[in-house]
Amino acid sequence: MSTYSMKDIEWAKINKDVLASLESPRALFWVVLAVCALLVACGVAAEVYQYNEGLGVALMDRPHFWQLYISNFVFWIGMSHSGTLLSAILLLTKADWRKPIYRFAEAMTLFSILTAAIFPVIHLGRVWNMYWVLPYPNERGIWPNFRSPLLWDAAAITTYATSSALFLYVGMIPDLAICRDNAKGWRKKLYTALSMGWMGRASEWMAFRKTYILIACFLVPLAVSVHSIVASDFAMSIMPDWHITSFPPYFVAGALYSGCAAIITLFVMLRYIFKFEAYMTTEIMDKTAKLTFAIAMVWNFLNLGEYASIWYSNDMYEKEVLLSKFFGAYAPVVWGMLICATVAPFAMAFEKFRHNMWAMFWLSLVLQLGMWLERFQIVSPPLASNHEPWTWAVVWPGTVQLTLTAASFGWFTMLFLIFCKIFPSVSMYEVKEMVFHRRHASSRTEMEDIGKIKDEVVRSEEGLA
Amino acid sequence: MRRKRHLLFATFEDFDKARDAVTELKMLDLKEMVVEEIELYSPIEHPEVEEILGDFHQPIQRFTFFGALTGALCAFLLVAAAGQAMFTVQPQGGKPVIPLPPAIVITYEGTILFGVLCTLAGFFIYAGLPRRMKKHYSQKVSEDHIGIEVQMKPEHIEKVRTAFKNSGALEIREVTQ
């Protein structure tokens, strides 16, 4: 069903379809959930092993103190960007095609942050000392050093996670009330508590809309600041290939890019698993793909700009790292990234491709692979050839790091699917609004057309007379 | 002893009919002061409701503004206090006790965090949430109907009922609380 016939969907049917998704997903849901649970179990085993044996089992040694855990951290933080940021921007610009897809995109943000937040803890090694980053009066008499960008990270991510969770929750309250009205048993209790007595009163709607827009206004600059701060973890150092002025916008563009690709993956997945064909239409996919393509081009521009600025700077250390990236031990990673993230998105220039759901699904996975490789080539190669030649060493991530990486994908997907099984992943009230406005717009157009025909008839009759 | 409240709750097929009903009630009210309070329930937001029910005074943006201001102040003070505390235990090597660039970052994040939290507080206050569900609440309102609840004196019940019927009410419930 196309977006343009969405105006014909009855409101009661919207409730029925979305509520049905909470009860009876396709069998694939359980298969994916089981695979994800298995991956998480493997990850827990790997972490327990690393906890007992020390970080050496993850092959983290000089000069590779930062490797896959930090790459994964940056990757997941990046993925968290598109959901809330795009939802907020599209809300403020009144783009109504966001309505059927923003809920799961916002949920994606929240679970990506929760996944990202695990990696600094794992990376720390001494997990039990994690609470030292919290600023509180303590017996050690030492406060966190706010000069460190790592502390900025802690502040930014806490703010982003809290604000995104609240944005998601506030936007869900009217739908939770619908769930409450139709649920039984434990679900009824849960939705009653979460909907807090929402009844759709005019005063509730007015306060709701105002709040939603105000929070969206905060979230747009916040999302940009969060990834800029993550970029500062690198850019504030004096390492060649990290100490780059354009890193913050480069990171933000990369984050949006990988986030959009993830939205496409989840779009196709949810459409199939929860039978949302009537709501997640090819027209919406088309718009999302065009947006992803545009962001991919911005990211490519910044990437090439970074290479150019290093090349023309004539800084010998910077140039050495750049050349070693393209022709050294990590060259497959860099070329892989360029193929996946620079060449592959051009497929989205073709309408036929954009309208093929499964083609878009596989392409989105390729784009995400490209962005994951991008994170890895940012973190690892500069450590392998920095200022001090005696530290030069090529280290590839071992089994423990790779297992924890795979587990993070399982963890994210598991949380996301559980969310979609408990909470409506399509916003019922916003889709109703979309249907309502489109129906009114189309009846207005029909009235105008009838008016024009009448005028023409009158004019031709006058002419005849 | 609390005075008994007499309410009529009617559901309508669409917003246009509900608007007609409210307009008729307003006309009735102008003549005889029939209506004490009107509440409109809908499954989606209708911004035009302010035209018929009057402005809703909900200055949530004040919560946002003062929340953001408080957040900025608290975050800056946190960095300043941490810097001051570190000064007594760690040598600074000529660096400023309170470093300004990091303070800006933390202040920025604090501004947003408190701004969002206070906006949410404003939302709960002005939306009147959390609250108990009304007994006469109809589930149809969360699906596809529009509900109108009118509080009036018992002698005016029939007039309101007639106005509802004239505007095409699907169901009318009488409630005494």
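Colleague: What makes 48% of the 465 residues in chain A count as buried?

Modeller: A residue is buried if 20 or more other C-beta atoms, placed from the backbone, lie within 10 Å of its own. In chain A, 48% of the 465 residues are buried. This is a predicted model, in which local features need pLDDT of at least 70, side-chain atom pairs count only at pLDDT 80 or more, and totals for chains, interfaces and linings use all residues. Residues are numbered from 1 along each chain as its sequence is written, with chains lettered from A and ligands numbered from 1 in the order in which they are written.

Colleague: How do you know that the radius of gyration of chain A agrees with a compact globule?

Modeller: The radius is taken over C-alpha atoms, and the globule rule is 2.2 Å times the number of residues to the power 0.38. For 465 residues the rule gives a value near 23 Å; chain A has 25 Å, so the two agree.

Colleague: Why is the span of helix H9 of chain A said to agree with expectation?

Modeller: Helices are DSSP runs (H or I, at least four residues), numbered from the N terminus. The expected span is 1.5 Å times one less than the number of residues. H9 (residues 282–313) has 32 residues and should span 46 Å; its end C-alpha atoms are 46 Å apart, so it agrees.

Colleague: Which residues of H9(A) are buried, and what covers them?

Modeller: Among them are A:Ile284, A:Met285, A:Thr288 and A:Trp299. The cover includes helix H8 (247–273) and helix H13 (357–384) of chain A. Just after H9(A), A:Asn314 takes a positive phi of about 60 degrees.

Conventions: A residue is buried if 20 or more other C-beta atoms lie within 10 Å of its own, exposed if 12 or fewer, and partly exposed in between; C-beta atoms are placed from the backbone. Helices (H or I, at least four residues) and strands (E, at least two) are DSSP runs, numbered from the N terminus. Two residues are in contact if their C-beta atoms, placed from the backbone, lie within 7 Å.
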